[in-house]
Amino acid sequence: MNLRFLIPVFDDSVSTWALEARLLRWLTLTWLFVGLVMLFSASYPVADGRQGDGLYYFKRQLIWVFFALIGFNIIVHLPLRKVLAKTHWFIAVFLLLIFATLVPGVGKKAFDAARWIAIGPVPLQPSELIKPFLVLQSARLFSQWNRLSWAVRLTWLGIFGVVLLGILAQPNLSTAALCGMTIWLIALAAGLPYKYLAGTAFGGVMLALISISLKEYQRKRVMSFLNPWADPTGDGYQLVQSLLAVGSGQTWGAGFGLSQQKLFYLPIQDTDFIFAVFAEEFGFVGSIVLLFLLALFATLGLVVALKAKTIVNRLVAMGITIVIIGQSLLHIAVATGALPTTGLPLPMFSYGGNSMISSLFGAGLLIRVARESSEAEVVPLRKPQSENFRRHRMFQKR
């Protein structure tokens, strides 16, 4: 086996791909490159202060990127039906891991939330890794909804509900909301009756309100979002510092590496608020360019969905586009004060191997759908029979 095949930049088959697949590939790699450059700048001060090595987080991210790109290239060459056939097993494994994070001594806590499991030196965040598989299983379920019995329907809807409740119990309201909205939008795209969708949407909103009312820190975040300047050194501190970073960028930005807010003023600047550092260093113009990149990715995802040859492929393309672009827009909305502060990373920008693997896995699935939508399946022909063999067969018939 040629190991170069596993690295996307050495993939010689790209020239034979459909146009949408090639564009999505280069857009993904461009997004990844810009994200790594931004992470280098955003993480250097905090890595130098905490670890004594400014490149500490950047080097670890490069290791994650290496393995994520290998998985990415495997996915773009693997028939989607084979991935769909194994999806339920991944859902089961990650569901168990989600509830394992709630076990004291097993789950690792950070900022009063237990979202990680440490396997040796490797931290796993099952709520992040399960996202693309929720898309796949939702697409698989809703694409054949009318052919399934109510027992099968309710079983999978119940499993989805348990997944969301497990993520909500960590607590991780933002990820649970993103996963729930994605499943709901896939069901909407599949044409499920509105009475089911309306009831589910109402239940989801009520569940979110109950969570906010029961969790004091979530309630404080909502209140501080409404007026962060009321407590700029307390509950509103994160948002105030993020707004100062975004505003300081002005039109053209302070310049790469010249952010002031990342010098221990802005909390979690390499993950949850990395866009604020980007906006400060590249300004309004850079932010518009990034939003244009997201819009282009979303447009290509929609084109791929419209050109899909099967319903399940169409729903996978739409679901992956919703997850990647939706999470990006939610992250940007939080950094700019348009939504309450949450812990959503910016795909392919924020530090974290789980987010990187999930994002590149999703991008690989979208590219795979694009390939299957526009490329003919190659069917091997039987070898032509030799002239002597044909004469021998004719002689036997006589």
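**View 1. Spans annotated as transmembrane in the predicted model.** The unreviewed UniProt entry places the feature "transmembrane region" at residues 23-42, 62-80, 86-106, 150-169, 175-192, 282-303, 315-336 and 348-367, an annotation that may be inferred rather than shown by experiment. This is a predicted model, in which local features need pLDDT of at least 70, side-chain atom pairs count only at pLDDT 80 or more, and totals for chains, interfaces and linings use all residues. Residues are numbered from 1 along each chain as its sequence is written, and side-chain values use heavy atoms, with hydrogens and water left out. Residues 23-42 are 100% helix and 0% strand, with end C-alpha atoms 28 Å apart, while residues 315-336 are 95% helix and 0% strand, with end C-alpha atoms 31 Å apart (helices are DSSP runs of H or I, at least four residues, and strands are runs of E, at least two, numbered from the N terminus).

**View 2. Surroundings of W31 in the largest nonpolar core.** W31, L136 and F142 touch the most other members among the 94 residues of this core (buried Ala, Val, Leu, Ile, Met, Phe, Trp, Tyr and Cys residues joined through side-chain atoms within 4.5 Å). Helix 11 gives the most to the core, with 13 residues. Leaving aside residues up to four places away in sequence, W31 touches L293, L294, F297, I324, I325, S328, P347, M348 and F349 (contact means heavy atoms within 4.5 Å).

**View 3. R371 in helix 13.** R371 lies in helix 13, residues 353-374, and counts as buried because its relative accessible area is 11% (buried means under 20%, exposed over 50%, partly exposed in between, with a 1.4 Å probe and protein chains only). Beyond residues up to four places away in sequence, R371 touches W17, A21, V76 and H77.
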